[in-house]
Amino acid sequence: MDAPHLFDDLPGGSAVGAFGRACGQARSAVGTMRSLAGAGAAEDPVDRLGGAAQLAREVDLVLARTAREIECLSDAPGGGLARRHGHRSAADLVAATMGTTRAEAWRLLEVGRALEELEAGDDDDERPAEDDADSPDDSGEDSPDEVPDDDPDDDDPPPPAPKPRPQPRYPAVAAALDRGEISADCGSQIITMLDSLSAEVSDERKQEAAGELVARAVGLDATRFARIVRRFKARLDVEEHQRTLARMRARRTLRMWENRDGMLVLNGELDPETAAPVRAALDALVGDAMRRSQEAVGEDTRTTDQMRADSLASLARHALGCTATDLALSTVSVVVRVNEADLRTGTGTAEVDGCTQPIDISTVRRMAANADLIPAVLGGRGELLDLGRRRRLFTRAQRLALGERDGGCAFCGAPPAWTEVHHIRWWGRDHGPTSLANGILLCSHCHHTIHDQGWDIEASDTEVWFIPPASVDPERRRRIGGRAKFYPPPGDTDPTRPEPRHPEPGRPEPSAA
């Protein structure tokens with residue numbers, strides 16, 4: 001079946017029936033899949049999930065393209081199609097028909113526009129040269145019914161230039177969506193973010209960021225991917241991000257009240273600068289509680305939210321003069337990392353441990369007045385140039401240096417406070433040294449996963465790679481981890497300045513057991 005005919009909007013045409021028959025066949029196939037999934041098919045459940053997820057992404061493309069068609073038919077005097085069905089807009093009609101939110105409808109419409117642009121570009125590439133019906137025969141002989149015109153002043157005007165067809169705004173995103181490599185949600189996040197950038201951001205930088213984000217989206221859930229998109233936006237549009245931070249600072253608030261049951265309710269919003277020490281302290285205490293609960297299974301049955309509530313109470317008691325010394329804060333610090341060139345010029349952005357929202361340089365300088373903050377100054381390629389220091393220099397310096405490479409848990413991206421430094425080559429079994437070249441930041445869960453399943457780790461001064469066991473990937477293809485996976489490239493993203501590229505999977509790297 002020719003796919004373009006599925007979207008033929010001729011009323012009563014054969015394509016309408018064809019689309020309905022295709023939907024019926026698809027529902028029949030999905031019914032078979034449901035039966036097999038419920039009975040437990042012979043295939044591996046992860047493979048089944050991957051196959052079903054691919055199908056869901058392709059169905060999303062059908063929904064997106066159809067939603068875009070509804071939007072086009074609704075863009076008419078009096079409201080068009082949407083108004084005829086009793087809705088104010090195409091988004092309302094799509095949301096009501098699908099039983100979803102308007103936000104999801106807008107995502108589908110954005111993806112539909114990208115697919116429409118891609119199809120228009122494909123049409124231009126495949127369109128054959130048009131023959132002029134009024135031109136003379138190729139034989140060079142005049143038609144007997146035609147008389148040559150010898151008057152040069154009576155020449156016909158040249159034909160009008162063809163109207164340019166719309167081209168994909170971000171070809172890398174549209175192509176990845178069309179191939180089903182990324183979800184409609186992730187694709188919409190990329191498009192929406194790039195469209196929101198100010199006019200000062202060049203198209204070349206947008207296209208480079210689009211390609212990088214498409215590569216990052218593969219294998220990530222939409223929530224984690226949203227953090228990466230925010231970091232890219234701050235790096236691409238620094239001036240607008242500074243204005244955003246000022247608005248966030250003005251909106252900071254924290255409210256407390258007792259509900260009817262006598263429970264104290266906390267509700268607030270904190271900007272990155274205000275949130276940094278709060279997040280660092282609570283994450284450290286919760287991370288310590290989680291590690292202890294895993295070492296003594298069954299003794300601590302609190303949820304993560306309950307651990308966070310107890311941690312806040314511990315901080316309050318400590319601030320009121322409690323003499324307890326069992327708080328897990330002796331190794332906690334707030335690390336702010338900034339590019340040397342940005343720090344020198346006063347422009348650009350910096351990162352704060354535990355916060356997905358970058359901050360501006362003026363905020364960095366304000367926070368640096370705090371004695372408990374450690375500034376990390378990085379070179380143009382991300383190498384560590386200077387590291388603020390405080391007590392217990394050796395072990396702290398090692399951990400902070402690894403934090404510059406890994407950014408938190410190198411495997412899942414969990415906050416740095418939830419991680420511990422682990423030996424790549426085991427201390428006991430492999431006699432691995434306690435050195436930066438043999439260290440990696442991992443949360444407790446990922447540490448156990450890697451060792452129990454038999455993952456291998458390769459690390460250099462600036463990158464870390466994970467090699468899955470054959471039971472996870474028979475080809476054992478390397479997967480990038482750490483800061484290179486969860487953060488934008490270091491330094492300026494201007495494409496005129498070359499950035500370090502990740503080595504190809506086949507390139508040799510320092511090996512580790």
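**View 1. Asp406 and Arg405, a salt bridge between two buried residues.** With a relative accessibility of 1%, Asp406 counts as buried. Asp406 forms a salt bridge with Arg405, and the closest N and O atoms of the two are 2.7 Å apart. Arg405 is itself buried, its relative accessible area being 7%. As in every view below, the coordinates shown are those of a predicted model. Side chains of opposite charge can pair when their charged atoms come close.

View 2. The structure holds 28 salt bridges, and one of them joins Glu116 to Arg68, with 2.9 Å between the closest N and O atoms. This pair links distant parts of the chain, since Glu116 belongs to helix H5 and Arg68 to helix H2, 48 residues apart. Glu116, at 25% relative accessibility, counts as partly exposed, whereas Arg68 is buried, with a relative accessible area of 17%. Both residues also belong to a network of salt bridges in which Arg68, Glu71, Glu110, Arg113, Glu116, Glu117, Arg169 and Asp195 are linked.

View 3. The side chains of Arg292 and Asp288 meet in a salt bridge, with an N to O distance of 2.9 Å. Because the two residues are four apart in helix H11 (residues 272–295), about one helical turn separates Arg292 from Asp288. An α-helix has 3.6 residues a turn, so residues three or four places apart point the same way. Arg292 counts as partly exposed, its relative accessibility being 46%.

View 4. When residues up to four places away in sequence are not counted, Val173 touches Ile182, Gly187, Ile190, Ile191, Ala210 and Val214. In soluble globular proteins, nonpolar side chains tend to be buried together.

**View 5. Helix H4 and the residue that follows it.** In H4, the residues Ala90, Ala91, Asp92, Leu93, Val94 and Ala95 are buried. H4 is followed by Gly99, which has a positive phi, near 70 degrees.

View 6. Val30, Met33, Leu55, Val59, Leu63 and Met98 make a nonpolar surface patch of about 410 Å². Helix H1 (14–39) and H2 each supply at least two residues of the patch, and the largest share, three residues, comes from H2. Met33 has its place in helix H1 and is partly exposed, with a relative accessible area of 34%. The cut-off for membership matters here, because patches are made of residues with over 30% relative accessible area and no salt bridge.

View 7. Strand S3 (residues 334–339) is mostly covered, with six of its six residues buried. Val334, Val336 and Val338 lie on one side of S3, while Val335, Arg337 and Asn339 lie on the other, and all are buried. In a regular strand the side chains alternate between the two faces of the sheet. Strands S3 and S4 (residues 349–352) run antiparallel and are joined by three bridges; within S4, Val352 is the bridge partner of Val336.

**View 8. Strand S9 and its partner S8.** Strand S9 (residues 439–443) is also mostly covered, five of its five residues being buried. From S9, Gly439, Leu441 and Cys443 point one way and Ile440 and Leu442 the other way, and all are buried. S9 pairs with strand S8 (residues 419–423) in the antiparallel sense over five bridges, and Glu420 stands opposite Leu442 in S9.

**View 9. The whole chain, as context for the close-ups.** The secondary structure of the chain comes to 17 helices and twelve strands, and buried residues make up 37% of its 513 residues. Among contacts between residues at least 6 apart in sequence, 58% join residues at least 24 apart. The chain exposes about 30,500 Å², of which carbon and sulfur atoms supply 53%.

Definitions and conventions
Residues are numbered from 1 along each chain as its sequence is written. This is a predicted model: local features need pLDDT of at least 70, side-chain atom pairs count only at pLDDT 80 or more; totals for chains, interfaces and linings use all residues. Side-chain values use heavy atoms; hydrogens and water are left out. Contact means heavy atoms within 4.5 Å. Buried means under 20% relative accessible area, exposed over 50%, partly exposed in between (1.4 Å probe, protein chains only). Two strands pair if DSSP finds at least two bridges between them. Patches are made of residues with over 30% relative accessible area and no salt bridge: like charges are joined within 9 Å, nonpolar side chains (Val, Leu, Ile, Met, Phe, Trp, Tyr) within 5 Å. Accessible areas come from the Shrake-Rupley method with a 1.4 Å probe; for residues, only the protein chains shown count as cover. A salt bridge is a side-chain nitrogen of Lys or Arg within 4 Å of a carboxyl oxygen of Asp or Glu.
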